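Visitor: I have not seen this structure before. Please take me through it by question and answer.

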Amino acid sequence: MIEYIFFDTTLRDRFVVYAEQRGIPCTATDDPMGMVVEIPEDITDELSDEVEAFYETLEREQEEMSKEDGDLNRLAGFRFN
């Protein structure tokens with residue numbers, strides 16, 4: 001599974017909708033570090049690239065939201081193979 005972490009419910013939900021619209025099943029769970037969405041590893045490289053690009057867009061939005069709130073300045077994404 002490939003895991004993506006979120007710190008905002010709205011951004012997490014947008015990611016889930018994006019994945020599901022592309023036929024990618026996903027599982028959302030809460031983690032002590034944040035909200036985690038898992039997708040299967042066996043998706044095509046094209047889909048993987050699309051999902052990764054969308055996640056990066058959401059990361060930038062989270063970073064902007066965090067700066068506005070005075071919270072985190074940087075976020076990290078992790079991909080496990």
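The questions below go from the overall layout to the sheet and then to the aromatic rings.

Visitor: What pattern does the chain follow along the sequence?
Guide: This is a predicted model. The chain has 2 helices and 3 strands. Read along the sequence, they give the pattern β-α-β-β-α.

Visitor: What share of the residues of the chain counts as buried?
Guide: A residue is buried if its relative accessible area is under 20%. The chain has 81 residues, and the share that counts as buried is 38%.

Visitor: Which strands stand at the edges of the sheet?
Guide: The sheet is open, with 3 strands in antiparallel pairing and the order 1-3-2. Each edge strand has a single partner strand, so one side of it is left without a neighbour in the sheet; the edge strands are strand 1 (2-6) and strand 2 (27-31).

Visitor: Over how many bridges do strand 1 and strand 3 pair?
Guide: Strand 3 covers residues 34-39, and its pairing with strand 1 is antiparallel. In strand 3, E38 stands opposite E3. The number of bridges between strand 1 and strand 3 is 5.

Visitor: What angle does the direction of helix 1 make with that of strand 3?
Guide: Helix 1 (residues 9-21) packs on the sheet and touches strand 1, strand 2 and strand 3. Its direction and that of strand 3 make an angle of about 5 degrees.

Visitor: Is the pair of Y4 and F15 stacked, edge-to-face or tilted?
Guide: The ring centres of Y4 and F15 are 4.9 Å apart. Planes under 30 degrees apart count as stacked and over 60 as edge-to-face. The planes of Y4 and F15 stand at 45 degrees, so the pair is tilted.

Visitor: How many residues apart in sequence are the parts that F6 and Y55 tie together?
Guide: The rings of F6 and Y55 have centres 5.3 Å apart and planes at 90 degrees, so the pair is edge-to-face. F6 lies in strand 1 and Y55 in helix 2 (residues 45-69), so the pair ties together parts whose separation in residues is 49.

Visitor: Is Y55 buried or exposed?
Guide: The cut-off for buried is a relative accessible area under 20%. Y55 has a relative accessible area of 3%, so Y55 is buried.

Visitor: Which residues form one aromatic cluster?
Guide: Y4 and F15 make a tilted pair, and F6 and Y55 make an edge-to-face pair. One aromatic cluster is formed by Y4, F6, F15 and Y55.

Terms used: Residues are numbered from 1 along each chain as its sequence is written. This is a predicted model: local features need pLDDT of at least 70, side-chain atom pairs count only at pLDDT 80 or more; totals for chains, interfaces and linings use all residues. Side-chain values use heavy atoms; hydrogens and water are left out. Helices (H or I, at least four residues) and strands (E, at least two) are DSSP runs, numbered from the N terminus. Buried means under 20% relative accessible area, exposed over 50%, partly exposed in between (1.4 Å probe, protein chains only). Two strands pair if DSSP finds at least two bridges between them. Contact means heavy atoms within 4.5 Å. Axes are lines fitted to C-alpha atoms, for helices over the stretch in contact, and angles run from 0 to 180 degrees between N-to-C directions. Rings of Phe, Tyr and Trp (its six-membered ring) pair if their centres lie within 6.5 Å; planes under 30 degrees apart count as stacked, over 60 as edge-to-face and the rest as tilted.
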